[in-house]
Each structure stands twice: as C-alpha cells, then as structure tokens.
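These are my working notes on one protein model.

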Amino acid sequence: MTHLMNNYGERSITIVRGDGAYLFDEFGKQYLDFAAGIAVVSLGHANPDVTQAIATQAGAVIHCSNLYQIPGQMRVADRLCELSGLDRAFFCNSGTEANECAMKLARKYAAKENQLRTKIVSLPGAFHGRTLGSLSITPKKAYQDGFGPLVPNCVTPPSLEAVLAEVDESTAACFVEVIQGEGGVRVLSLEFLHELENKLHTHGALLVIDEVQTGVGRTGTFFAYEQMGLHPDIVTLAKGLGNGVPVGAVLATSQVASSFEPGSHGTTFGGNPLAMAAAEVVIQKVANKDFLDHVCKIGGKLAHVLSQFGENVSGLGLMLGVDIPQAKSFVRSAAQNGVLLTATSDERVRVVPPLIVEDKHLNDFVNRLSHLQSVRSK
Ligand SMILES: *Cc1c(COP(=O)(O)O)cnc(C)c1O
C-alpha cells in the first residue's frame with residue numbers, strides 16, 4: 001500500500017475472486033456484489049463466455065495498434081451503429097476518454113462552420129470523467145479544485161433553466177446523462193430533455209449523450225435515451241461495454257464524424273483485439289429482447305425492495321438510487337454484512353448489480369441486510 005498514491009484513501013476489503021453476482025475476499029468471505037465494479041460487470045464475474053472469448057483472443061493476438069485493421073472493431077462498430085441508428089464508431093479505453101473524444105469531435109465539427117463556436121455546456125450534477133477535458137464539464141468542486149486552469153469555454157450553469165439559456169450560436173455541444181449516475185441516479189425530465197434537444201438543434205449545436213453508465217442494457221434498453229425518444233448527434237459508452245475489460249466507444253452521425261480525418265485523433269490501445277472480443281460477447285448477450293425484458297422486470301422488483309430501506313427510490317432498470325441517511329456508514333455496514341453497494345453522497349445509495357441478477361439474489365440481499373435494517377429502525 002505504501003507505494004500507491006493515496007487518491008483512493010483507505011481500502012478495507014481485498015478482492016481476490018468473483019463468480020456471477022458474488023465476490024470473495026482474501027479470507028474467503030463472500031459478498032453479494034450490487035455495485036458490479038461501478039456498473040461495469042453486467043454479465044457477472046468470471047462469466048464463462050467472456051473468459052472463453054478473451055482467452056481465445058489472447059491466444060491469437062492481444063494488441064497490434066491502430067496502424068492495422070482490426071476485424072473485431074468492424075463487427076462491434078456495425079452492431080453499435082445498428083443499435084443506435086448512428087453511423088460511425090471510434091474506440092478508446094474508458095469513459096473519460098470517450099467524452100474527451102466527443103468534446104474534440106464536437107469542437108472540430110463546429111469549427112468547420114464557425115471558429116467562434118467553441119462553448120461546451122454541461123448540467124449541474126453532471127459527471128463526465130477526470131481527465132482535464134471531461135473534468136472541465138464535471139462541475140464538482142472537490143474534483144476540480146487545484147487542477148485549474150481547466151479547458152476554456154466549458155460552462156455549467158447552476159440550474160436546468162440556465163442550461164437552456166446558455167445554448168446559443170456560440171455553443172458547440174451540450175453533454176447530458178439522461179440519468180445522472182454519480183449525481184445520485186437522478187432521472188432528468190422528458191420535458192427538459194426534449195426542450196434541450198430542440199434548442200440545441202435550432203442553434204446548430206450538438207446533443208452529446210453520455211451513456212457511459214446508463215448504456216449497454218443497464219436501464220432495460222440498450223441505450224437509456226431510447227426510452228426518452230431523443231436523437232443524439234454523439235453518444236459515449238464505456239463501463240458496461242467490456243464486462244470489466246477496459247473499453248470505451250464514441251458513436252456519431254456520419255455528418256459529425258466526417259470532421260475527423262486521418263491524424264485528427266487517436267489512441268494506442270483503443271479498440272484492441274482483446275477489448276473487442278469482450279465487447280462482442282457483451283453486445284451479443286445484452287442486445288436481446290429477453291435479456292432486456294429481464295433487466296426491466298427484475299429492476300422493478302429491486303426498486304420495490306429498496307423502498308423498504310429508504311426513500312425516493314429512482315432510476316430505470318438496474319440503475320437505482322435510494323435516499324438513506326448516513327449513506328456512507330450504511331454502505332460500510334452493508335459490506336460487513338456481505339453486500340457491496342456504493343454511496344454517491346452521504347444521503348444517497350446507488351444500487352447497480354450485475355444485469356444477470358435473479359429473484360434469489362434479491363432475496364439474498366434482503367436476508368443479508370435485514371439485520372442491518374432492524375438495527376437501523378430501532
Ligand atoms: C464513470 C463515468 C464516466 C467516466 O468513466 P471512466 O471510465 O471512469 O473514465 C463518465 N461519464 C459517466 C456518466 C460515468 O458514469
């Protein structure tokens with residue numbers, strides 16, 4: 001521990017193994033994992049099909065760089081474009097990189113028409129990542145403090161009305177999470193989202209939907225924005241796309257994507273054969289009506305379970321949040337009782353289990369936490 005930087009603070013649990021919805025620590029203690037590596041491991045830990053696919057790929061070639069054509073990239077791009085209705089894909093390694101690429105793409109596209117169109121708008125409560133670009137559109141003091149100057153002309157107005165007012169002829173793009181994950185699983189209203197989309201398009205600005213957390217089946221449809229009837233120009237993906245193998249993606253219309261030419265943007269690792277092998281399996285399993293119906297159905301049941309633990313349950317599918325007083329201490333107690341959860345603030349617990357959870361896992365959740373619940377209600 002002493003040679004690691006302290007940015008994650010003290011970590012009290014050491015994970016050595018996983019199996020489906022369960023993780024095991026160094027002493028063999030079993031945890032029901034309702035955090036899923038922060039909404040990542042959607043098909044469950046040590047999923048045999050993912051393991052098989054990446055093992056086979058590792059035996060063939062792991063990496064060759066983007067100097068060469070990678071067949072897996074073409075296949076994953078085909079599927080993601082088919083599912084989104086967008087036309088082009090770019091692969092990277094994480095959510096922040098996907099948003100970084102989207103910021104560059106939006107500015108490059110805007111600059112073709114008007115050099116002064118550089119403003120990037122984000123929403124109060126947004127989280128788009130930790131690199132300097134995406135940090136500049138992540139309006140959280142604790143994350144931004146000490147890292148300035150940030151990227152110029154990135155603005156985050158304090159209210160949704162002010163966001164709408166910021167959209168004008170100098171706006172390149174607005175970034176939106178239709179459900180704010182780090183912001184506490186806050187679902188934006190349909191009315192606001194449609195008003196924003198209209199305003200952006202009226203002013204020739206792009207709608208970028210950050211589906212890093214909501215995407216790849218998490219909310220019961222492949223992309224969350226499908227449920228809102230939106231038409232993004234750019235979509236970013238990452239977390240759930242590789243079941244834990246690092247991979248991100250940026251999808252765009254052909255019109256927008258055409259502003260990238262050879263040399264405009266790149267990455268050494270992005271879209272390498274290993275990452276594509278994982279993503280192919282994930283998409284094949286998740287982009288399936290029965291699978292997505294299951295997410296909706298079990299998500300409804302989990303929402304009901306959570307309402308027994310706290311108030312203001314919100315979210316869609318298996319992306320849920322609940323108000324619980326002293327959320328951080330609740331999460332610690334839950335871990336002691338063998339359930340892994342995350343807190344997005346000291347009032348809000350986020351519940352994002354693997355998408356393969358079944359009734360028996362919900363029962364296990366209640367059994368493991370009933371002791372905690374009874375202690376709390378005394
Ligand atoms: C997690 C997250 C990111 C950042 O992803 P990293 O892979 O951690 O860089 C960006 N946007 C949203 C909505 C996220 O939830």
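**Terms for the pocket.** I worked on a 1 Å grid over the protein atoms alone, where a pocket is an open set of points with protein on both sides within 12 Å along at least five of seven lines, whereas a cavity is a set of points where a 1.4 Å probe fits but cannot get out; lining residues have an atom within 4 Å of a point. Grid points are joined across faces, edges and corners, and a volume is the space filled by probe spheres set on the points.

**Source.** The model is predicted, so I kept in mind that local features need pLDDT of at least 70 and side-chain atom pairs count only at pLDDT 80 or more, while totals for chains, interfaces and linings use all residues. Residues are numbered from 1 along each chain as its sequence is written, and side-chain values use heavy atoms, with hydrogens and water left out.

**Second largest pocket.** I looked up its volume and found about 640 Å³ of space. Its lining is made by 23 residues, of which Asn66, Gln73, Ala89, Phe90 and Phe91 are the closest to the centre. I then took helices (H or I, at least four residues) and strands (E, at least two) as DSSP runs numbered from the N terminus, and noted that helix 3 (71–84) and strand 4 (88–92) each supply at least two residues of this lining. Helix 3 gives the most, with five residues. For the classes, I counted Ala, Val, Leu, Ile, Met, Phe, Trp, Tyr, Cys and Pro as nonpolar, Asp, Glu, Lys and Arg as charged, and the others, Gly among them, as polar; the lining then has 10 nonpolar, nine polar and four charged residues.

**Helix 10.** I checked its length against the expected span, which is 1.5 Å times one less than the number of residues. Helix 10 covers residues 273–286, and its 14 residues reach 20 Å from first C-alpha to last, close to the expected 20 Å. For exposure I used relative accessible area (1.4 Å probe, protein chains only), with buried under 20%, exposed over 50% and partly exposed in between. By that criterion 10 of the 14 residues are buried, among them Pro273, Met276, Val281, Val282 and Ile283. Taking contact as heavy atoms within 4.5 Å, I found that the cover over these buried residues includes helix 2 (48–60), helix 3, strand 4 and helix 11 (289–306).

Is Gln284, which I looked up next, buried or exposed? Gln284 lies in helix 10 and is exposed, with a relative accessible area of 60%.

At the start of helix 4, a side-chain oxygen of Ser94 comes within 3.3 Å of the backbone nitrogen of Glu97. Helix 4 itself (residues 95–113) should span 27 Å with its 19 residues, and its end C-alpha atoms are 28 Å apart, which agrees.

**Two buried asparagines.** Asn47 sits in the loop between helix 1 (36–39) and helix 2 and is buried at 10% relative accessible area. A polar side-chain atom of Asn47 lies 2.9 Å from the backbone nitrogen of Asp49, and one lies 3.1 Å from that of Val50.

Asn243, in the loop between strand 11 (234–237) and strand 12 (248–252), is likewise buried, with a relative accessible area of 10%. Its side chain reaches the backbone nitrogen of Leu43 at 2.7 Å, and a polar atom of that side chain lies 3.0 Å from the backbone nitrogen of Ser42. Leaving aside neighbours within four places in sequence, the contacts of Asn243 include Asn47, Val50 and Val282.

**Backbone geometry.** Which peptide bond is cis? I noted the one from Gly148 to Pro149, with omega near -5°; Pro149 lies in the loop between helix 6 (141–144) and strand 6 (154–155). Val185 has a positive phi of about 60° although it is not a glycine, and at 1% relative accessibility it counts as buried. For Val216, phi is near 55°, and this residue is buried at 2% relative accessibility.

Notes
Polar contact = N/O pair within 3.5 Å; in protein donor to acceptor, adjacent residues only side chain to side chain.
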